[in-house]
Structures are given as structure tokens and as C-alpha cells.
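Biologist: Hi! Could you walk me through this protein, one step at a time?
Modeller: Happy to, let's look at it together.

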Amino acid sequence: MAPKAITSPVPESFYPTLALLMLSVGLVFTASFFIYATTTTRRNLSIAREVTTGAVASVFLGFGSLFLLLASGVYI
């Protein structure tokens, strides 16, 4: 049996589009997090909302950075 080559589940032509889309969504969630944190009073703060928004922003920015590196030819 000959070994199979490892291929990406996402076509390489989608890397730049995915990078732009995911980084944009991540930056929107990051902006939402900062706006919420600075405009809400201490009595109305919700730790669950902050953690959820921060986690979603982190995931999108992480995958966006990954696809940006892949689109620019840095294979990790």
C-alpha cells in the first residue's frame, strides 16, 4: 500500500477569503467586548457575557491568523 498524501480539507484558494472574513469577525467581537467593558457600570457587568464575547473573539482571531499565515505561504 502506497501512503496517501496529506491534503487540506479547505482548498488553498479559500485561504485569503477565510483569513479576511475571520479576522473581520474577530475584530468586530473584540470591539464589542471593549465597548461593553467601558460603557457598562459595575452593577450591570456580566462576567458570562464578557467571557463568551472574549472567547468568540479569540477563536475567530486565532483561526483568522492561521489562515493569514497559510495564505502568505507560511505553512505551520
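**Two helices, step by step**

Modeller: This is a predicted model, and the protein in it has two helices and zero strands.

Biologist: Thanks! What does the C-alpha trace span along its principal axes?
Modeller: The C-alpha trace covers about 65 × 25 × 15 Å.

Biologist: And what radius of gyration does the protein have, next to a compact globule of 76 residues?
Modeller: The protein has 17 Å, whereas a compact globule of 76 residues would have a radius of gyration near 11 Å.

Biologist: How many of the residues count as buried, as a percentage?
Modeller: Of the 76 residues, 16% are buried. The accessible surface is about 6000 Å², and 71% of that belongs to carbon and sulfur atoms.

Biologist: What comes after helix 2?
Modeller: Gly73 follows helix 2, and its phi is positive, near 95°.

Biologist: Which residues of helix 1 are buried?
Modeller: In helix 1 those are Tyr15, Ala19, Met22, Gly26, Thr30 and Tyr36. Their cover includes helix 2.

Biologist: What about the buried residues of helix 2?
Modeller: There you'll find Glu50, Thr53, Ala57, Gly64, Phe67 and Leu70. The cover for these buried residues includes helix 1.

Biologist: Which residues make up the largest nonpolar core?
Modeller: It has five residues: Tyr15, Ala19, Met22, Phe67 and Leu70. Helix 1 and helix 2 are the elements that give two or more residues to this core.

Biologist: Which helix gives the most to it?
Modeller: Helix 1 does, with three residues.

Biologist: Can we zoom in on Met22? What does it touch, not counting residues up to four places away in sequence?
Modeller: Met22 touches Phe60, Phe63, Gly64 and Phe67.

Biologist: Of the contacts with a separation of 6 or more, what share is between residues 24 or more positions apart?
Modeller: Those account for 67% of such contacts in the protein.

Biologist: New topic: Thr53. Why does it count as buried?
Modeller: Thr53 lies in helix 2. Its relative accessibility is 13%, and buried means under 20%, so Thr53 counts as buried.

Biologist: What is Thr53 in contact with, leaving aside neighbours within four places in sequence?
Modeller: Thr53 is in contact with Phe29, Ser32 and Phe33. Also, a polar atom of the Thr53 side chain lies 2.8 Å from the backbone oxygen of Arg49.

Biologist: Next one along: does Gly54 count as buried or partly exposed?
Modeller: Gly54 is also in helix 2. It counts as partly exposed because its relative accessibility is 29%.

Biologist: Last one! How far apart are Gly54 and Gly26 in sequence and in space?
Modeller: Gly54 and Gly26 are 28 residues apart in sequence, and 9.4 Å apart in space, C-alpha to C-alpha.

Terms used
Residues numbered from 1 in each chain as written. Predicted model: local features only at pLDDT ≥ 70, side-chain atom pairs only at ≥ 80, totals over all residues. Heavy atoms only, no water. Helix = DSSP H or I, 4+ residues; strand = E, 2+ residues; numbered from the N terminus. Buried < 20%, exposed > 50% of the residue type's maximum accessible area, 1.4 Å probe, protein only. Rg over C-alpha atoms; globule rule 2.2 N^0.38 Å. Contact = heavy atoms within 4.5 Å. Areas by Shrake-Rupley, 256 points an atom, 1.4 Å probe, with all protein chains shown as cover. Core = buried A, V, L, I, M, F, W, Y, C linked by side-chain atoms within 4.5 Å. Polar contact = N/O pair within 3.5 Å; in protein donor to acceptor, adjacent residues only side chain to side chain.
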